[in-house]
Structures are given as structure tokens and as C-alpha cells.
Amino acid sequence: MKKLLDGIKKDLTFKSAGPGKKLTDDRSGAADRGQRSSAAKQREEPSEGSQRAGAAALARIEQQQRPKVLTSQDAIRNQVKRELEAEAAALAEKDKADTAEGTNLAPKVHPCLSVSGVYFTCPLTGATLTRAQREGHIKEAILKRFEEDAVEASVMMIHTFNKDKEKVKAAVDIISKYVENICKNPSEDKYRKLKVSNKVFQDKVGAVEGSREFLQALGFTSHMLPVEEAEQEFLLLPEQSADALELMKERRDRLQRGQPLRAQLDRRPQAFRASDHATRFQLPPDFYNLSAEELKKEQQHRSDLVEKNSMLRTKAMRERDEQRERRKYNYALLRVRLPDGTLLQGTFYAWERLPALYDFVRDSLRDGWQPFDLLAPGGVKLQESEDVALAECNLVPAALLSLAFDAAVQADIAAVQQADVAAAGGRTILKDQLVESIQTLT
């Protein structure tokens, strides 16, 4: 019964679809085309005025200049061009600043600053350098040294240009082993032949700047030799005489004793007349071990210290804060008040020891042989025999010290030179060159 009902439904659906058509009969297609053509004829033709208005609109559009559409490549090209122009402008500004800085090594001291900045002296040229100039100047001076002594220059290159001390030590040990093998086996060619592409040579020796220059200073020369149907670079050393071998050992010892060449801190010794402003210090940014952003926060930090000091804190808390405060500075500006009131000023590293301070004062005195003591703020005696850093003595970033001569020695001098009372303290204490350049603190 169910099948009968399904068949009746299918018959009704088929009959409701309309009369059938053959696929090969063209009459149905022709009828459809006729209907479409008749419908097109029924469309109204545009009026003459509409046609003129449309033509005028098209003419205006064609006369307008079409904007250039930037492709993705054009946008990338323009972006790269802008970045290159910005980079070139930045380099030009930097060169201009470096040139201005190089032509003025000792700028005029700003009236509000206690010292114009931190300066250094090149041990090779004696030139006065700023912090920004010292590294580049040292490298240039070492490279020029090759004209006079290639061995010394290459040794300075190895120990100065490479910051990783472990890599430097490894390179020095391997080169020393090369020399040792050559001296023990002077007739063996294999010890006088170094393959540049060798992994040990590349990683341990070739990667250290200056090592190849040292080998060339020993007498090694570069050669291309065939290896397995291809040429590779070798460093070859001719057979050496007994005297040449001894010279190689001496140069190896120089390499092992080598030390980094560093610009020396210029203490800028300066004498000032007695002044009530002796404890007033205004330091330039060079003294800080802070970035520009951290310097901006320094004032806020000082304000916070006022509130913190009003709180009850343990001794350990205070010492920890003091240590953290001292680590902000790389240098210390110290003044020493002499018995006649004259002030002696110099710049030091924050980590320098007390003996360096005593030596500076002793070298500045007319009679440096006389024993004296230095007193820190608060009257605390600084012992020259103690190997203590200036930062650990609370002398960073700036401090005013007092000098006191040994009373017994001064009494003996006065007794021997009764006619010359100045010898007991009235005479100028500092050396003449400092007295001639004495200034007044403002």
C-alpha cells in the first residue's frame, strides 16, 4: 500500500512540471531568444539631452588627472628611501658632533660645574681625550705603532682589542705552543706550516683580533697550496737559525706578558684659594654611572631619601642603601684643604685605593717628603696603609678632606730653621706650577 501511494505522488509531481521538451529541439531556444529581443525593443531609447549630458560628464572625467596608485613595491621603496635619508642625517649629525668635540678637547668650565668633565691621557701619544674619544684614539694609535714595532703593536692588539679574556688566554697559549714546537723541532716542516682552515686555528687563533698580525711579525707568510684538488691558505715559516729561534722565544714572552692598553685617567690637579664654597660640588654627567633616563630619576630619588632618613632604620639597612648609592658613580672629585687654607682638587676612579690619593697629594706638595695625614669629613683619619677603595670610605662622588702635617716633624723643622718661619707652614705648600694656576671657587 505504501509503495502505491509513493508512486501516485511521483506521477503528480511529474505532471505538475509542465509539458516535456526534447534536448535536440531548437524551437525552445529560438523562442527564448525571441522573447529577449522583444523585451529589448520595449526599452526606451535615451533622449538627446541625456546623451549630451553623459558625453560631457565623460569628457570631464577624462580631463581630470588620475592620481597615481602606489603599489606595495612603491610603498616599500619609499619607506626604504626615507629610512636611508634619516640614517644619513643622523650620521651627519654624529660626525659633526664628533668633529666639534675633537677640536675642543679642553672645553671651558661651566661656571656652575666644579669640573668640566672626565678626561684621559693616551699612553702612546700623550693626547688628552674625552670618554667618547678614548677607545677610538687608542685603536688608531696602536695601528700606527706597526710602523715602528710590529711585534709590540700586535701584542697590544691582542690584549686590547678583544674584551673576552678567556679567548685571549686561549689564543696566547696556542701561539706559544706553536713557537715551542718550532724551537724544539726547527727542521720539521709540519710545525712551521699552519693550515688557516683548521678548526682549532679558526676558533681559537683566527677569531682573536691581532693574532694573525703577531704570527706575521714572527715571520709567517700566507701561501695558497693545493689540497685535494683545491687550493687552501697556509701560513708558512722558513727554517730559522739558532739566533732567530731565540728571538722567537723572546717575542713569545712579550706576548705572554702583554696587558691591555688603557687610557690613563687625567686627574686634572687644580689649586683654589681658601673659600667658603669648598664643600659645594656640582658634578657633570660624566661622573655618573647612569643612563639619561636614570639621571632624570635622580632628583626624585633624592627627594625620597629625605623621607627615608626620617624613618627608623637599622645599621645594616643604612649601609646597604649607602652601597647602592655609591655604585651610581664611576669617579670621585676630591678636594684637600691644606693648613694654609689652599684647596687641592683632583679626579679619581671610585674604586681606586687610599694609597693613590696619598700619592697624588704627595706629588703636589713642594716638600712631599714630609709625613702627613688625611682626614675625611667628620675628622676620621684615613690610613695610607689600608688598602681600601675610595667608595668604601664614603668619598664618592665628592668630598672635602683635610691635610694635617706631623706635629713632631713640624716642630723639628721650626727649631732648625728659626729664621725662616715660613718653613713651618707659612711658606707656600703646593708646587709652583699649581700655585701659578690657582683659581677662586665660585
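**Helix packing, sheet and rings**

The crossing of α6 and α9 is left-handed, a term that applies if the near helix is turned anticlockwise from the far one by less than a right angle. The model is a predicted one, in which local features need pLDDT of at least 70 and side-chain atom pairs count only at pLDDT 80 or more, while totals for chains, interfaces and linings use all residues. Residues are numbered from 1 along each chain as its sequence is written, and side-chain values use heavy atoms, with hydrogens and water left out.

Helix α6 spans residues 150-161 and helix α9 residues 211-218; their axes come within 8 Å and cross at roughly 160°. Helices here are DSSP runs of H or I with at least four residues, and strands are runs of E with at least two. Axes are lines fitted to C-alpha atoms, for helices over the stretch in contact, and the angles run from 0 to 180 degrees between N-to-C directions. α6 and α9 are therefore roughly antiparallel, the class for angles over 145 degrees. On the α6 side, Ala150, Val151, Ser154, Val155, Met157 and Ile158 meet Ser211, Glu213, Phe214 and Ala217 of α9, contact being heavy atoms within 4.5 Å. These residues divide into seven nonpolar, two polar and one charged. In this scheme Ala, Val, Leu, Ile, Met, Phe, Trp, Tyr, Cys and Pro are nonpolar, Asp, Glu, Lys and Arg are charged, and the others, Gly among them, are polar.

α6 also packs on helix α5 (residues 131-144), at an angle of about 155° and with the axes 9 Å apart. The two helices are therefore roughly antiparallel to each other, and their crossing is left-handed. Ile138, Lys139, Ile142 and Leu143 of α5 make this contact with Ala153, Met156, Met157, Thr160 and Phe161 of α6. Its residues comprise seven nonpolar, one polar and one charged.

Another pair is formed by helix α7 (residues 165-184) and helix α8 (residues 199-206), which pack at about 125° with their axes 8 Å apart. That angle makes α7 oblique to α8, the class left over once angles under 35 degrees (roughly parallel), 65 to 115 (roughly perpendicular) and the roughly antiparallel range are set aside. Lys167, Ala170, Ala171, Ile174, Ile175 and Tyr178 of α7 touch Val200, Phe201, Lys204 and Val205 of α8. Eight of the residues in this contact are nonpolar, none is polar and two are charged.

The sheet is open and has three strands in the order β3-β5-β4, with antiparallel pairing; strands pair if DSSP finds at least two bridges between them. β3 (193-195) and β4 (221-227) are the edge strands, each pairing on one side only. Neighbouring strands are turned by 40° against each other on average, direction ignored. Seven bridges join β4 to β5 (residues 230-236). Threonine 221 has leucine 236 as its bridge partner, and leucine 225 has glutamine 232. Two residues lie between β4 and β5 in this hairpin, and glutamate 228 in the turn has a positive phi of about 55°.

Finally, six aromatic pairs are found in the whole structure, where rings of Phe, Tyr and Trp (its six-membered ring) pair if their centres lie within 6.5 Å. Phenylalanine 348 and phenylalanine 360 have ring centres 5.3 Å apart and planes at 90°, so this pair is edge-to-face, the class for planes over 60 degrees apart. Phenylalanine 348 belongs to strand β9 (residues 343-349) and phenylalanine 360 to helix α13 (residues 354-364), so the pair ties together parts twelve residues apart in sequence.

Conventions: Rings of Phe, Tyr and Trp (its six-membered ring) pair if their centres lie within 6.5 Å; planes under 30 degrees apart count as stacked, over 60 as edge-to-face and the rest as tilted.
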